[in-house]
Amino acid sequence: MELMMETKQKQQVIKTKRKIVIRWVPILFLTPSIICYLLFKYYPTFRMIYISFFDYNIGNPPGKFVGLDNFIQSLTAATFWHAFGITLIFALLYLLLTFWIPIVQALLLNEIHRGNVLFRFIYQIPAIAPGVVTVLIWKFMYNPDFGVLNFYLGKIGLGPYLWLNDLHMVKFSIVMPSIFASSGISILLYFSAIRAVSQEILEAAKMDGAGPWRRITAIILPNIRFIILIQFIAFLTGALYTFDNIYVFTQGGPSNSTMVASILVFNSAFNELRFGTASAISFFLFIITAIITFIQLRLSRESD
């Protein structure tokens with residue numbers, strides 16, 4: 001018995017020692033990315049929260065402390081809720097029209113056995129061009145007087161259309177370029193996840209008579225659910241914070257019909273110099289994003 005007790009004690013000591021071991025090599029490689037996140041992600045976030053409690057004076061920072069006044073003024077202003085509603089509309093449009101495209105492309109790419117690498121390279125070409133350059137090209141194409149879209153649509157008796165000046169068309173016109181350039185890294189992530197699905201299970205389902213649609217819905221999509229969830233969170237966050245394409249296209253017009261929350265933040269900060277108000281609006285968007293992310297992750301855990 002004493003020998004057994006001593007053996008157990010030695011095993012516990014060994015386990016304790018193993019827990020204390022610090023692996024310095026992974027820490028060394030992770031340190032640059034951690035520093036970048038602290039400097040360019042977390043510090044601006046905490047700085048934004050700090051500024052939101054002040055009537056910030058850029059000449060004599062931080063200015064007068066106003067407490068929650070910036071939050072109250074923002075949440076009671078009609079312009080904020082108008083911008084927030086427009087932001088939700090754009091998020092819904094992006095979700096319905098573009099989110100599923102890389103998934104479908106990855107599924108089709110998985111069925112191509114010859115030239116697979118070539119197609120993967122072709123799908124990455126749109127991601128090479130800077131987003132602003134792509135938007136400027138589309139803005140030229142949308143020109144109602146000499147744009148190529150109205151020119152070719154006129155050949156078949158359609159148009160001309162005021163793409164970016166029509167209140168009913170402007171939102172779809174802004175989203176449409178993303179439909180044709182929604183591949184990028186997303187398709188590679190989905191493709192890698194699909195390739196990781198067990199081929200034995202797929203072959204067994206095929207032998208049991210399961211067609212392509214059944215194999216996709218019952219085997220492939222459930223097995224890549226986690227990747228879809230992570231991509232959905234990142235996609236929705238990007239849609240809520242969308243700025244560059246809308247700003248280049250319309251700068252919030254016409255008649256504030258594309259005035260999303262991010263442009264409202266930009267105007268409040270750099271046009272009106274109300275940095276405290278802009279920070280309060282940004283903090284509200286941050287809370288909304290955090291809540292959505294928490295709900296999605298919680299639902300994912302419950303489904304597992």
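So, is glutamate 272 buried, partly exposed or exposed? With a relative accessible area of 45%, glutamate 272 comes out as partly exposed, because buried means under 20% relative accessible area, exposed means over 50%, and partly exposed is what lies in between, using a 1.4 Å probe and protein chains only.

Before I go on, a word on the numbers. This is a predicted model, where local features need pLDDT of at least 70 and side-chain atom pairs count only at pLDDT 80 or more, while totals for chains, interfaces and linings use all residues. Residues are numbered from 1 along each chain as its sequence is written, and side-chain values use heavy atoms, with hydrogens and water left out.

Okay, back to glutamate 272. Its partner is arginine 274: the two form a salt bridge, with the closest N and O atoms 2.6 Å apart. The rule here is a side-chain nitrogen of Lys or Arg within 4 Å of a carboxyl oxygen of Asp or Glu, and by that rule the count comes to one salt bridge. Arginine 274 is partly exposed as well, at 36% relative accessible area.

Next, the aromatics. A pair of aromatic rings is described by the distance of the centres and the angle of the planes. The cut-offs: rings of Phe, Tyr and Trp (its six-membered ring) pair if their centres lie within 6.5 Å, and planes under 30 degrees apart are stacked, over 60 edge-to-face, and the rest tilted. How many aromatic pairs does a search of the whole structure find? It finds 27. Take phenylalanine 71 and phenylalanine 283, an edge-to-face pair at 5.7 Å centre to centre, with 80 degrees between the planes. Phenylalanine 71 sits in helix α3 (residues 69-75) and phenylalanine 283 in helix α16, so this pair ties together parts that are 212 residues apart in sequence. Phenylalanine 71 itself is buried, at 14% relative accessibility.

Then there's phenylalanine 80 with phenylalanine 84. Their ring centres are 6.2 Å apart and the planes are at 15 degrees, so that pair is stacked. Both are in helix α4 (residues 78-97), four residues apart, which is about one turn of the helix. By the way, helices here are DSSP runs of H or I with at least four residues, strands are runs of E with at least two, and both are numbered from the N terminus.

On to the core. In soluble globular proteins, nonpolar side chains tend to be buried together. A nonpolar core, as used here, is a set of buried Ala, Val, Leu, Ile, Met, Phe, Trp, Tyr and Cys residues joined through side-chain atoms within 4.5 Å. The largest one has 30 residues, and those touching the most other members are Phe90, Tyr142, Leu164, Ile174 and Phe249. Elements giving two or more residues to this core include α7 (131-142), α9 (170-180) and α14 (244-249), but it's α4 that gives the most, with five.

On a 1 Å grid over the protein atoms alone, a pocket is an open set of points where a 1.4 Å probe fits, with protein on both sides within 12 Å along at least five of seven lines, and lining residues have an atom within 4 Å of a point. Grid points are joined across faces, edges and corners, and the volume is the space filled by probe spheres set on the points. The second largest pocket has a volume of about 670 Å³. It is lined by 15 residues, and the closest to its centre are Phe40, Lys41, Thr45, Tyr241 and Phe286. Two or more lining residues come from each of α2 (24-51), α15 (261-271) and α16 (275-303), with α2 giving the most, at nine. By type, the lining has 11 nonpolar, three polar and one charged; Ala, Val, Leu, Ile, Met, Phe, Trp, Tyr, Cys and Pro count as nonpolar, Asp, Glu, Lys and Arg as charged, and the others, Gly among them, as polar.

The peptide bond from proline 61 to proline 62 is cis, with omega near 0 degrees, and proline 62 lies in the loop between β1 (54-55) and β2 (64-65). Another cis bond joins glycine 253 and proline 254, with omega about -10 degrees. Proline 254 is in the loop between α14 and α15, and that loop also holds glutamine 251, which has a positive phi of about 55 degrees although it isn't a glycine.
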